Amino acid sequence: MSTLPSNSRLVRGMIISCVVSLLVYAGIIAWADTDGVLEALQHLEAIHLLGAAGLVLLGYGLRFVRWELYRKRVGVELDTGPSLLIFLSGLALTVSPGKLGEAFKCVLLKDETGASISSTAPIVLAERLTDLLSLLILIALANFSQHAEHAWILWVTLTGCLGLVGLIACPPVTRLAVLLLGRMGRLGRLAPKLDHALNNARQLLAPRLLIPAVLLGVGAWSFECLAAWGIALAIGPPDLSYSQVVAAFSLSLVAGAVAIFTPGGLGVTEGLYTSQLERLFQSLGSTAKAARAGAASATLVTRLMTLWFAVLVGLCALGLHRRRRRILATKG
């Protein structure tokens, strides 16, 4: 029997996410002045949006390479084409708390190959950890001096990531966790699965795989930062530097990821990115009113191209994946 979620569940989740995002975006536009936002958006041309979409797709390409490294390391046999569709399908649930909806890929892999969730769930964990580490590296390389008051977000995230990696890499700790779970009544039946998942996670987070995975993440997120910079440059001051946008955008993404209670970081990422852009625009000569409208406009378009474009790509890939499965079922 197929383990794929029903269309109704997907549609229900998408509707909730869309309603939340519309409320957030409406609030940003009202705060920034609707007329000012509309005026700022007039500076954007189709080439800016196409360029941003192309850069985001390049980023997905690098993240897919990382996905393939992980998939092969845990022993899941699958052709590249179906693997790509499953990887992209995970983007359909990007707008979920902490991006946990991307665990949907594990469900698709189980349906496709029979691989257990305990085998593949560590892939999603490793992806999230390496994404955060990649963003932290980008922030460290960028001009962070104007965002120093938010340094605590970086230290909390770095401590959490390294702490989790350290715990998983320590066999006595993982054995203790499995032992304790095994003594918890009915939950004890999950102990072998937890042990298997932790063993796979330990392999994926070992230095020989962690380092190339983080480097691929740095490249992937650099493309998204470049897309954000192109949009901000089209709307804001012409002397806005790439490093300034890298620091602001990456920090906002980290804050949204850490705020796991929000779907896709909605509200947190937008609010922090807008406030940072507003400050940058003003420091580069924009009036307070223009800076606020420009920052709000750049944030909305950037999130459209980096968040909701991902959802669109994911839905298209999921449709293709399901169509392929139906064709195979009829032939079988």
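1. Let's start with Val156, which sits in helix H7, the run covering residues 151-168. Keep in mind that this is a predicted model. Val156 comes out as partly exposed, since its relative accessible area is 47% and the exposed class needs over 50%.

2. Val258 is 102 residues away along the chain, yet the C-alpha atoms of Val156 and Val258 are separated by 9.1 Å.

3. Next, the surface of H1. Leu23 belongs to this helix, which takes in residues 7-32. With a relative accessible area of 61%, Leu23 counts as exposed, because the class begins over 50%.

4. Now for the second largest pocket, whose volume is about 200 Å³. Its lining has 13 residues, and those lying nearest the centre are Ala40, His43, Ala290, Ala293 and Gly294.

5. Which helix gives the most to the lining of the second largest pocket? That is H13, with 4 residues. Helix H13 spans 288-331, and helix H2 (34-41) likewise supplies at least two residues of this lining.

Terms used: Residues numbered from 1 in each chain as written. Predicted model: local features only at pLDDT ≥ 70, side-chain atom pairs only at ≥ 80, totals over all residues. Heavy atoms only, no water. Buried < 20%, exposed > 50% of the residue type's maximum accessible area, 1.4 Å probe, protein only. 1 Å grid on protein atoms, 1.4 Å probe; cavity = no way out; pocket = protein on both sides within 12 Å on 5 of 7 lines; lining within 4 Å. Points joined across faces, edges and corners; volume = space filled by probe spheres on them.
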